[in-house]
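Here is a short briefing on how the side chains of this protein pack and pair. Please keep the model open beside you as you read.

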Amino acid sequence: WVDDRFESKDKTIKRMQQGQQILKAFYKKYKDNWPTALFLEKGFNFRVADGQDAYVVRGVVDRIDKSGDGLKLVDYKTGKPKDKLTFEEKEQLLIYQLAMQDLFKQEVKALAFYYLDDNSEVEFIGTDKDLEKIKAKIINTINQIKQGKFEPKSGQLCAWCDFKEICEYRG
């Protein structure tokens, strides 16, 4: 638990109490049927090729479960669950799907956003078309960065950015 993320002691206490309620509900939901978690906070590096150039993409998957003869990748989220996910909302897990298929040489059977606030899950799987589209987006983003066409955006992720100490846009 990190206390310094909150604006006040009252907000810290309130979020801690919410966290305790979330954990109790999570335990109750799974106490008789725990998923087989293979990894928690599994870091990865994988290569994406663009012609003769190859780039390394790195990240961390919150949880990787055994799912039959394959894998299920789970990302925890706060906030309200979405009824229907757009491609942009799926991008993070699609990147994880590419990475884990490459790293483990196993089929990814499911991708899931697990919403902590109500202990619900939204599950899907990336199609071949989705995976090609996300590879193309990764390569396009890298090429834009190489051309200096990359505007930083201030937000929640600034706290974990490798460039936070030098970025004029940091939150």
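Phe44 has a relative accessibility of 6% and therefore counts as buried, where buried means under 20% relative accessible area, exposed over 50% and partly exposed in between, using a 1.4 Å probe and protein chains only. Its ring pairs with that of Tyr96: the centres are 5.7 Å apart and the planes stand at 75°, so this pair is edge-to-face. This is a predicted model, in which local features need pLDDT of at least 70 and side-chain atom pairs count only at pLDDT 80 or more, while totals for chains, interfaces and linings use all residues. Residues are numbered from 1 along each chain as its sequence is written, and side-chain values use heavy atoms, with hydrogens and water left out.

**Aromatic pairs**

- Rings of Phe, Tyr and Trp (its six-membered ring) pair if their centres lie within 6.5 Å; planes under 30 degrees apart count as stacked, over 60 as edge-to-face and the rest as tilted.
- By that rule, the whole structure holds eleven aromatic pairs.
- One of them joins Tyr30 and Tyr114, whose ring centres are 6.4 Å apart with planes at 40°, so the pair is tilted.
- Tyr30 sits in helix α1 and Tyr114 in strand β4, so to speak distant parts of the chain, 84 residues apart; helices (H or I, at least four residues) and strands (E, at least two) are DSSP runs, numbered from the N terminus.
- Both tyrosines are buried, Tyr30 with a relative accessible area of 12% and Tyr114 with 0%.
- Tyr96, the partner of Phe44, is buried too, at 9% relative accessibility.
- A single aromatic cluster is formed by Phe26, Tyr27, Tyr30, Trp34, Tyr76 and Tyr114.

**Charges over rings**

- A charge sits over a ring if NZ of Lys or CZ of Arg is within 6 Å of the ring centre and within 35 degrees of the ring normal.
- Lys42 meets this rule over the face of Phe39, at 4.7 Å from the ring centre.
- Over the ring of Phe87 you will find the charged end of Lys133, 4.2 Å from the centre.

**Salt bridges**

- Twelve salt bridges are counted, each being a side-chain nitrogen of Lys or Arg within 4 Å of a carboxyl oxygen of Asp or Glu.
- Asp117 and Arg15 form one of them, with their closest N and O atoms 3.8 Å apart.
- That pair links distant parts of the chain, 102 residues apart: Asp117 is in the loop between β4 (108–115) and β5 (120–124), and Arg15 is in helix α1 (residues 9–30).
- Asp117 counts as partly exposed at 41% relative accessibility, and Arg15 as partly exposed at 24%.
- Arg58 and Asp162 meet in a salt bridge at 2.4 Å, N to O, and both residues are exposed.
- Lys72 bridges to Glu121, with the closest N and O atoms 2.4 Å apart.
- Because Lys72 lies in strand β3 (residues 70–77) and Glu121 in strand β5, this bridge ties together parts that are 49 residues apart in sequence.
- Lys72 counts as buried at 15% relative accessibility, whereas Glu121 counts as partly exposed at 26%.

**Nonpolar cores**

- A nonpolar core is a set of buried Ala, Val, Leu, Ile, Met, Phe, Trp, Tyr and Cys residues joined through side-chain atoms within 4.5 Å.
- The largest one has 28 residues, and Leu73 and Met100 have the most contacts inside it.
- Helix α2 gives the most to this core, with seven residues.
- Another core lies apart from it and has five residues, including Phe26, Tyr30, Ala112 and Tyr114.
- In soluble globular proteins, nonpolar side chains tend to be buried together.

- Gln97 belongs to helix α2 (residues 87–104) and is buried, with a relative accessible area of 2%.
- Contact means heavy atoms within 4.5 Å; leaving aside neighbours within four places in sequence, Gln97 is in contact with Leu73, Val108, Leu111, Ile125, Gly126 and Leu131.
- Asn119 is placed in the loop between β4 and β5 and counts as buried at 11% relative accessibility.
- Not counting residues up to four places away in sequence, Asn119 touches Ile22, Ala25, Phe26, Lys29 and Tyr114.
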